[in-house]
Amino acid sequence: MSVTTLVIAAALTLNSPGGAVQNTAPAVQGSVDPAPQARSQSIGAARDFLTLVDAGDAAASYEAAAPAFRNAHGFGLWELGVAFHAQEGGAQRRTLVSVEPDNAPANPEYAALEILTFDTIMMNGDHKSERLAMALIDGVWRVVTIDINDIG
């Protein structure tokens, strides 16, 4: 699936505001364990990004994303996806399922790369898997890609 199609699919399947998100303690998997502080920052940045999307804030979530994300996808596409998301209701519960670290990413602009997977129950009852690639760029964790799939 192309990155553009991936973002369109993710943008169209996101669900948005309408309730508090329950952030539970992470159950982390992965062969390489990054420093706990770095992991905490990556997870926090991912949760902050998803909170912006849940709130329907297309501009702030787009700005918070990595330059590669913004370069690959125009703001209009992202704004449309977030608008659909905002109409459908937000996350009721979001649980971190795994962190897959890559301490030697292929892109030289990234000091580190992590794939975070969340198990999410939406306010409308839909069960989703949210997978975000987070890159450490100039000391700041940013979303590089997002993929959201229905479960069951």
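Modeller: Residues are numbered from 1 along each chain as its sequence is written, and side-chain values use heavy atoms, with hydrogens and water left out. As this is a predicted model, local features need pLDDT of at least 70 and side-chain atom pairs count only at pLDDT 80 or more, whereas totals for chains, interfaces and linings use all residues.

Biologist: How many salt bridges does the structure hold?

Modeller: Side chains of opposite charge can pair when their charged atoms come close. A salt bridge here is a side-chain nitrogen of Lys or Arg within 4 Å of a carboxyl oxygen of Asp or Glu. By that criterion, the number of salt bridges in the structure is 5.

Biologist: With which residue does Arg 94 form a salt bridge in which the closest N and O atoms are 2.6 Å apart?

Modeller: The closest N and O atoms of this pair are 2.6 Å apart, and the partner of Arg 94 is Glu 130. The pair links distant parts of the chain, 36 residues apart: Arg 94 belongs to strand β2 (residues 91–102) and its partner to strand β4 (residues 127–137). Strands (E, at least two residues) and helices (H or I, at least four) are DSSP runs, numbered from the N terminus. The residue asked for is Glu 130.

Biologist: Is Asp 150, the salt-bridge partner of Lys 128, buried or exposed?

Modeller: The closest N and O atoms of Lys 128 and Asp 150 are 2.4 Å apart. Lys 128 lies in strand β4 and Asp 150 in strand β5 (residues 140–150), so the pair ties together parts 22 residues apart in sequence. Lys 128 is buried, at a relative accessible area of 4%. Asp 150 has a relative accessible area of 57% and is therefore exposed.

Biologist: What is the relative accessible area of Ser 42?

Modeller: Ser 42 is placed in helix α2 (residues 36–54). Leaving aside residues up to four places away in sequence, Ser 42 touches Glu 114, Leu 116, Met 134 and Trp 141, contact meaning heavy atoms within 4.5 Å. Ser 42 is buried, and its relative accessible area is 0%.

Definitions and conventions: Buried means under 20% relative accessible area, exposed over 50%, partly exposed in between (1.4 Å probe, protein chains only).
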